[in-house]
Amino acid sequence: MVGKEKVPSNFHSSELKDPGWGCRHQQCFVLFWVLTIAYGMRSCIGVSLVAMTDYSNNESSWQAIQVEKSNQEFKPEGVLSSLMLVPPYPKFNWNKNVQDTVIASFFWGYMLLQLPAGQLAHRYGARYLLTGAMTVNAVVSILLPTATYYGGWYFTIVCRVVQGLSQACIVPGLHTSLGKWAPLHERSRLSAFVYGGQALGTVFGLPLTGFISASPFGWPGIFRFYGILSGIMAVLIWFFVYDTPAKHNKISDIEKKFIEDDLGRSEGKKKMPVPWLKILRHPGLYAIIIAHIGQAWGQLTLYSEVPAYMDKIMGVNIKANGMLSALPFLVMWFSNFFFSWLTDWMIRKNITSVTNTRKIANSLGNIPASIGLIALAYAPHNIYVVETILIITCAFKISSHCGFQVRTFFYFTVNHIDISPNYAGTMMSISNFVSNIGSSFSPIVIGFILTDVGDKYLWRKVFFLAAGLYVITNLVYVIFGTSEKAEWNDPPQEEDVEENVPMVKSSLKKQ
């Protein structure tokens, strides 16, 4: 940070140079950990269900759900055992359909609050929204094990829906914050760094889930661990995150002017009404939505279904399951930095337009991902071959974070900010809402396809479906996508003129 250095009164905005490390980077660092923890909490459910359940029948018939606990002899021993704080811990006789419904229930809540969350972010800023979201996640996650034991899968679904409702606020909050803090020429890098928390959260979440579930803390420890982290994060957001550069009490005047001039607006202006009709008529929004649907479905297949694939087809134990499932996402996190640098470099050197750069990046992510899923469908029964395919797939897939989005799944996009920095959160909430309608059905559809989770031919259908969606949705984005800033992004100039008219009249009277 440059301190409180003042900008000279005769200093022209074109003379401003990059002030280096500053408050915008500090903001992004905190936002990165918000997404890391949120995604760790979200991705842990796949491995958690492997640890929580003991369902021996491969069939997915709903008729098997009436038996709640496979360990009918489990009896709580004392208060701590009743609260699920000490072993032994029960396991549940939930078939694949029930397990996939538990996964899907998160998205029911997640999509319902997307549009309101975008408006809340636009009206009240990211600080309040993110603090509230992480606080609710903390409370629900800590209570989930006890609710699951005493309320069964019904209560588990209720907890997951509430978590989805609260996490719906995270993406619009992050996107709104980036729209206020990320200068254009740094946008891909800063956005990719923040949304790299998606990959890193999965990297940490999958192996940690395996190790915690195999430890004395058991599967309840998984949810309590993330609950505590979420509570800590809520406190950090409250004290260290600011809605705009103008509200930051330690930012230098040079950095503030650098950000505001680069974004083409002043942060001190009055809140603008959302131009709903203009947003909904913009073809670029629909290109993003279609691309988002394919990414959300593919992402869910990778991090929620692959743990089950490893368990049922590869026969990998719970600890190795988490580690092997996480390794491709670790590679994804590292390749994230290369692709974010590459896209920024292409834009900065005018090698391609911003629009074409986003399309190239999205294609580099989607096409190899579709090929990887098809290869996975025909891979031999060899864990090393499967792991290699997943690593290559994820290494390229992260490129799409610099294309239509900066997050996949729940994804968040640079492209929203390109089109409208002022309404990025609102546009994100719209595309997230529509895309997650599909995501909410994804686990259920997969559950009906996998009538026998031990049948590799049925798994091929699951992978073919995700691969096909990657190709089709990417084609739509390449044809209709755009990164041109919309004319309705900026407030009407007449307002400023009208505000100055009384001052002009007053000065004329004095003369």
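Guide: A residue counts as buried when its relative accessible area is under 20%, and as exposed when that area is over 50%. The structure discussed here is a predicted model.

Visitor: Which residue does the side chain of Asp243 meet in a salt bridge?

Guide: Its partner is Lys247, with an N to O distance of 3.8 Å. Lys247 is exposed, because its relative accessible area is 52%.

Visitor: How many salt bridges does a search of the whole structure find?

Guide: The search returns one.

Visitor: What does the secondary structure of the protein chain come to?

Guide: The chain has 18 helices and zero strands. Of its 511 residues, 58% count as buried. The chain exposes about 20600 Å², of which carbon and sulfur atoms supply 67%.

Visitor: How is the span of a helix to be read, taking α14 as the case?

Guide: The general idea is to multiply 1.5 Å by one less than the number of residues, which gives the expected span. Helix α14 covers residues 383-397, and its 15 residues reach 21 Å from the first C-alpha to the last, close to the expected 21 Å. At the start of this helix, a side-chain oxygen of Asn382 lies within 2.9 Å of the backbone nitrogen of Tyr384.

Visitor: Which residues of α14 are buried?

Guide: They are Val386, Glu387, Ile389, Leu390, Thr393, Cys394, Ala395 and Lys397. For Cys394 the relative accessible area is 1%, so this residue is buried. Cys159 is buried as well, at 12%.

Visitor: To how many disulfides does the count come?

Guide: The count comes to zero, by the rule applied here. That rule asks for two cysteine sulfur atoms within 2.5 Å.

Visitor: How are contacts across the sequence to be read in this chain, and what share join residues at least 24 apart?

Guide: Among contacts between residues at least 6 apart in sequence, 84% join residues at least 24 apart. With a relative accessible area of 1%, Gln167 is buried.

Visitor: With which residues is Gln167 in contact, leaving aside its neighbours within four places in sequence?

Guide: Gln167 contacts Ala38, Met41, Arg42, Phe106, Tyr110 and Asn137. Between Gln167 and Val136, 31 residues apart in sequence, the C-alpha to C-alpha distance is 8.9 Å.

Terms used: Residues numbered from 1 in each chain as written. Predicted model: local features only at pLDDT ≥ 70, side-chain atom pairs only at ≥ 80, totals over all residues. Heavy atoms only, no water. Helix = DSSP H or I, 4+ residues; strand = E, 2+ residues; numbered from the N terminus. Buried < 20%, exposed > 50% of the residue type's maximum accessible area, 1.4 Å probe, protein only. Contact = heavy atoms within 4.5 Å. Areas by Shrake-Rupley, 256 points an atom, 1.4 Å probe, with all protein chains shown as cover. Polar contact = N/O pair within 3.5 Å; in protein donor to acceptor, adjacent residues only side chain to side chain. Salt bridge = Lys/Arg side-chain N within 4 Å of Asp/Glu carboxyl O.
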